[in-house]
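Please open the structure in your viewer and keep the sequence panel beside it, as this tour moves from one selection to the next.

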Amino acid sequence: MMKLRYPLLFLLLTACLILAFCATQPEQPQQADYYPAGRDINDFAFTDADNQPFTPANLKGHWTFLFVGYTFCPDICPTTLADMRSVYDQLKKMAPDSQVVFISADPQRDDIPRLKTYTAFFNPEFKAATAPHDKLFPFVRNLGLIYSIANQGEKDYLIDHSASIVLINPTGKLQAVFRPQVAPGQVPRVQMATMLSDFSRILKLTGH
């Protein structure tokens, strides 16, 4: 029995060291698709709701919560922007340089004045931008999102688009994607409480 004492003591000490190490490590995001090193975003040139250029420079120095949709959207877009409005103050407390950006996938109907009015309804600080499809689609695909237009020849056509919210870090790289919960008969939506919790973890993991 005496011979077992030291190996057992060694195992106990090793276990304690492992537990202590794990306890000092920041927690990983629970739900978000997280990219520790960040993913590069290709160059782009859009026009924002103030009729000014919107380029990668507009992402630098900010934690950007970016969402793709369109102002005529009947469900996902108003729901998501209202949800973002409800937690915007909390995001700003966690990271004062946070910003919300709405990218319209409907440049034909979403002109500059309409974009400005639409986002201002939810929060005057929310930003919006759009571009022709030849510029817009590669950008959206680069972020791992999608959109497609059904029956574009009709007056009131709809656009199918991702309900995810993309997180871009202050260096302009894709840091995470918050995916929506999808339930039968309900609008797909990102759970704000989970997003806030994961964002807090990401800030710690990235040293912010």
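Which residue forms a salt bridge with Asp106? Bear in mind throughout that this is a predicted model, and begin by selecting Asp106 together with Arg109, the partner with which Asp106 forms a salt bridge, the closest N and O atoms being 2.6 Å apart. Asp106 is buried, because its relative accessibility is 0%, and Arg109, at 16%, counts as buried too.

Next, select Asp83 and Arg189, which form a salt bridge whose closest N and O atoms are 2.7 Å apart. This pair links distant parts of the chain, for Asp83 sits in helix 2 (residues 76-94) while Arg189 belongs to the loop between strand 10 (174-178) and helix 5 (192-205), 106 residues apart. The two partners can then be coloured by accessibility: Asp83 is buried, with a relative accessible area of 11%, whereas Arg189 is partly exposed, with a relative accessible area of 34%.

For the last stop, select Lys116 and Asp50, whose side chains meet in a salt bridge of 2.5 Å, taken from N to O.

The pairs visited here are among the seven salt bridges counted in the model.

Key. Residues numbered from 1 in each chain as written. Predicted model: local features only at pLDDT ≥ 70, side-chain atom pairs only at ≥ 80, totals over all residues. Heavy atoms only, no water. Salt bridge = Lys/Arg side-chain N within 4 Å of Asp/Glu carboxyl O. Helix = DSSP H or I, 4+ residues; strand = E, 2+ residues; numbered from the N terminus. Buried < 20%, exposed > 50% of the residue type's maximum accessible area, 1.4 Å probe, protein only.
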